[in-house]
Amino acid sequence: MHCSDYKNGKRFTNKEVLVVGCGNSGMEIAYDLWDHGAITSIVVRNPVHVVTKEMVLLGMLLLKYIPCKVVPTITKIEGDNVYFSNGKMNRFDAIIFATGYKSTVLKWLKESEDLFNEDGMPKKSFPNHWNGENGLYCVGFASRGLFGIARDAEHIANHIRGVMSRK
């Protein structure tokens, strides 16, 4: 199941559930599953994340109270069996993929070919992807989670402030 189809953890009570992806959606789903009594595991593909000291401390504290098993990269899925890069295998009742979303911007934004590529992503690359044209900006397209969204918003606010001060 993709996380876009996930409603809540009610139907997963007492079930072994694997969440693939530890971004915002994956972490929220893992918490909700735990809150509904699921036996939750989460795949952490990349151990490097940009977080503040406070976030690390909060995560360590939460691990004491919210048991969520962290597992390595998946190498193969065969039915209910999931094989991991450490050579171990677990059986899961459900797998929820929180591995990202596809941009739909081309469906609703007309005449966007100057700003977005055929995949609906900004043509400008990080870190300048946020700066569009004619008052149009791109927030959240950097694939850098909440930190990236906050950074985009800050750049845009500063840019607008600069534009307004020149008028």
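Asp 152 is in contact with His 129, Trp 130, Cys 138, Val 139, Gly 140 and Phe 141, leaving aside neighbours within four places in sequence. This is a predicted model. The mean pLDDT of the chain is 80.

**Asp 152 in helix H4**
- Asp 152 sits in helix H4, which spans residues 145-166.
- Asp 152 is buried, yet it has no salt bridge.
- A salt bridge needs a side-chain nitrogen of Lys or Arg within 4 Å of a carboxyl oxygen of Asp or Glu.
- Among the contacts of Asp 152 is Cys 138, a residue that is itself buried.

**His 159 in helix H4**
- His 159 also lies in helix H4.
- His 159 has a relative accessible area of 28%, so it counts as partly exposed.
- Beyond four places in sequence, His 159 touches Trp 130, Asn 131 and Tyr 137.
- Asn 131 is 28 residues from His 159 along the chain, and their C-alpha atoms are separated by 8.5 Å.
- Trp 130 is one of the residues touched by His 159, and Trp 130 is also in contact with Asp 152.

**The nonpolar cores**
- The largest nonpolar core has 14 residues.
- Those with the most contacts inside this core are Tyr 6, Phe 12, Val 17, Val 19, Ile 29, Leu 33 and Ile 96.
- Strand S1 (16-20), helix H1 (24-35) and strand S7 (94-97) are the elements that give two or more residues to this core.
- H1 supplies the largest share, three residues.
- A second, separate core has eight residues, including Val 20, Val 71, Phe 92 and Ile 95.
- Val 17 touches Phe 12, Leu 33, Ala 38, Ile 39, Thr 40, Ser 41, Phe 92, Ala 94 and Ile 96, with residues up to four places away in sequence not counted.
- One of these contacts, Phe 92, belongs to the second core.

**Cysteines**
- The whole structure has zero disulfides.
- Cys 3 counts as buried because its relative accessibility is 6%, under the 20% cut-off.
- Cys 138 has a relative accessible area of 1%, so it is buried.

**Confidence**
- In the chain, 83% of residues reach a pLDDT of 70 or more.
- Helix H2 (residues 53-65) has the lowest mean pLDDT among the elements of the chain, at 63.
- Strand S6 (residues 89-91) has the highest, at 93.

Notes. Residues are numbered from 1 along each chain as its sequence is written. Side-chain values use heavy atoms; hydrogens and water are left out. A nonpolar core is a set of buried Ala, Val, Leu, Ile, Met, Phe, Trp, Tyr and Cys residues joined through side-chain atoms within 4.5 Å. Buried means under 20% relative accessible area, exposed over 50%, partly exposed in between (1.4 Å probe, protein chains only). Helices (H or I, at least four residues) and strands (E, at least two) are DSSP runs, numbered from the N terminus. Contact means heavy atoms within 4.5 Å. A disulfide is a pair of cysteine sulfur atoms within 2.5 Å. pLDDT is the predictor's confidence in each residue, from 0 to 100. Lys and Arg count as positive and Asp and Glu as negative; His and the chain ends are not counted.
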